[in-house]
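Colleague: I would like to learn how to read a model like this one. Could we go through it feature by feature?

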Amino acid sequence: MAQYVIAIDQGTTSSRAIIFDKAGSIVSTGQLEHEQIFPQAGWVEHDPMEIWNNTREVIGQALSKANLTRHDIAAVGITNQRETAVVWDRTTGLPVYNAIVWQDTRTQPIVDRLAADGGVERFKKQVGLPLATYFSGTKIVWILENVEGAREKADAGQLMFGTTDSWVLWNLTGGLEGGVHATDVTNASRTMFMDLETLAWDDDILAAFDVPKSMLPEIRSSSEVYGHVNEHSLLRETPIAGILGDQQAATFGQAAFDQGEAKNTYGTGNFLIFNTGTEIVHSKNGLLTTVGYKLGDEAPHYALEGAIAVTGALVQWLRDNLGMISSSGEIETLAKTVEDNGGAYFVPAFSGLFAPYWRSDARGALVGLTRFVNKGHIARAALEATAFQTREVLDAVNADSGVPLTELKVDGGMIANNTLMQFQADILGVPVVRPVVAETTALGAAYAAGLAVGFWSSLDELRANWQEDSRWTPKMDVAERDRLLRNWKKAVTKTFGWVDEDVN
């Protein structure tokens, strides 16, 4: 009898395969980074073929490390970077262009064009999202308008679109040989094309974007059998039974299944999700309304989300672009060489500002500099930026929900940084809680897949798996917290209005 579930976590910087046991513990992991392609300022791309090849390889790594075969695996779950858009040819199976990543800002002119009639909230009532470069819809439009022959092929029904879950699913289930073209409700809710109430593609919005419906995947629940792995894979005949966008997957992996529960993921960006149950709540404070999960035929659960574009990516930038550190883990050591930020504040608006501001005209700024400031202060300011941005999003969640959070569950790569976690608790004024299994994104996808095939029997069984690892409680004086927040908000205003006609 199969004793494990495997999750494919197709993320922004890497693709991973993680095998979990019945207790939700990690058995083995395979991981490969893929190239971050920056053709020009504001453009961010990935090679979909590299992602697919890496996905196949990390599956092999994970199975080999655990000395397992497909017969040991009950199901496959998929989680993914959500808004990153792939468009490929259904006759060749090849992408017509690189994947355009969620961080990419090239589509601002398309956003402006669509917002000319009704503003940035033109479609927000139906889809829960403002018009922004972040979401998939404008990325598809850019490809249709700028890649030679793409519009003609799309109109002829020859092109397929998907976020990277759809790309992986289609290839895993056979590609040109009968591949399944589908996505789940959580990923569909990030395109700008899905009606939150009907959970179906909105024909009027598609017409406004001029995107043929034939390109789009079928929308399915987050937990059901979509198809089986094809015969050319190490996992052949294994059911693929769970799909969740990465932030919804992390929420599911944190066992935040019920209304009022929340989590914050610290990755390339930060994403705080607050479960609103079966009620659609429209934010008045700059948050997104999104689908949290849908299990088979059950009613969907919705969520409010605060999306922050750059957190862990700022640490990568200090490593790769400035050479201040040689590995991401060194940021904490460098930050601990100083006692505070020395008056420096780093606002990483590299892709504009997401929640709660939604300012595409913003760009990054390092302010408050004096001769006293050294690289330790800059490292500390970079970490503090993550905590400050999270505080602003949490304030918006509390305002929208009317029920202030009393603690924050956290996950993602940056939660290994104890200095950041303590500062986060200090600046929030509530405890921060880290689970034993920090890889909650992959775990959530595994849970969704396992539920669909009966590997796990209920949400209660999954709740029982969750265990607390560490807890940080606030220690900062209230007056000091208020001073830091006041200066942070002042720094944020310095990033506004940077982009105009001759600055990108």
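Colleague: Where does Thr268 lie?

Modeller: Helices (H or I, at least four residues) and strands (E, at least two) are DSSP runs, numbered from the N terminus. Thr268 sits in the loop that links strand 13 (262–266) to strand 14 (270–277). Two notes before we go on. This is a predicted model, in which local features need pLDDT of at least 70, side-chain atom pairs count only at pLDDT 80 or more, and totals for chains, interfaces and linings use all residues. Residues are numbered from 1 along each chain as its sequence is written, and side-chain values use heavy atoms, with hydrogens and water left out.

Colleague: Is Thr268 buried or exposed?

Modeller: Buried means under 20% relative accessible area, exposed over 50%, partly exposed in between (1.4 Å probe, protein chains only). Thr268 has a relative accessible area of 15%, so Thr268 is buried.

Colleague: Which residues is Thr268 in contact with, leaving aside its neighbours within four places in sequence?

Modeller: Contact means heavy atoms within 4.5 Å. With those neighbours left aside, the partners of Thr268 include Thr12, Thr13, Trp102 and Gln103. Ala309, Val310, Thr311, Gly312 and Ala313 are also in contact with Thr268.

Colleague: Now sheets. What is the order of the open sheet of 7 strands?

Modeller: Strands of a sheet pair through backbone hydrogen bonds, either parallel or antiparallel. Here, two strands pair if DSSP finds at least two bridges between them. The order in this open sheet is 15-16-14-13-19-20-21, and the pairing is mixed. Strand 15 (288–293) and strand 21 (468–472) are the edge strands, and each pairs on one side only. From one strand to the next, the twist averages 30°. For angles, axes are lines fitted to C-alpha atoms, for helices over the stretch in contact, and angles run from 0 to 180 degrees between N-to-C directions.

Colleague: In which sense do strand 20 and strand 21 pair?

Modeller: Strand 20 (residues 432–435) pairs with strand 21 in the antiparallel sense, over 4 bridges. Take Arg434: its bridge partner in strand 21 is Ser470. Helix 13 (residues 418–428) packs on this sheet, touching strand 13, strand 19 (408–411), strand 20 and strand 21. The direction of helix 13 makes about 145° with that of strand 20.

Colleague: At what angle do the axes of helix 12 and helix 13 cross?

Modeller: Angles under 35 degrees count as roughly parallel, over 145 as roughly antiparallel, 65 to 115 as roughly perpendicular and the rest as oblique. The axes of helix 12 (residues 375–401) and helix 13 cross at roughly 40° and come within 9 Å. That makes helix 12 oblique to helix 13.

Colleague: Which residues of helix 12 and helix 13 meet?

Modeller: Among them are Leu383, Ala387 and Leu394 in helix 12, and Leu420, Phe423 and Ile427 in helix 13. For sorting them, Ala, Val, Leu, Ile, Met, Phe, Trp, Tyr, Cys and Pro count as nonpolar, Asp, Glu, Lys and Arg as charged, and the others, Gly among them, as polar. The residues of this contact divide into 8 nonpolar, 4 polar and 3 charged.

Colleague: What is the order in the open sheet of 6 strands?

Modeller: The order is 3-2-1-5-12-11, again with mixed pairing. Strand 3 (26–33) and strand 11 (223–228) stand at the edges with a single partner strand each, so one side of each has no neighbour in the sheet. The twist averages 25° from one strand to the next. Strand 5 and strand 12 (residues 239–245) pair in the parallel sense over 5 bridges. Leu244 in strand 12 is the bridge partner of Thr79.

Colleague: Where is Asn80 found?

Modeller: Asn80 is in strand 5 (residues 73–80). Asn80 is buried, with a relative accessible area of 0%. Asn80 and Gly245 are 165 residues apart in sequence, yet 5.3 Å apart in space, C-alpha to C-alpha.

Colleague: At what angle do helix 9 and helix 14 pack?

Modeller: Helix 9 and helix 14 pack at about 75°, with axes 6 Å apart. They are therefore roughly perpendicular to each other. Ala249 and Phe252 of helix 9 are among the contact residues, as are Leu443 and Tyr447 of helix 14.

Colleague: How many residues of helix 4 are buried?

Modeller: In helix 4 (residues 136–146), 9 of its 11 residues are buried. Trp142 is one of them.
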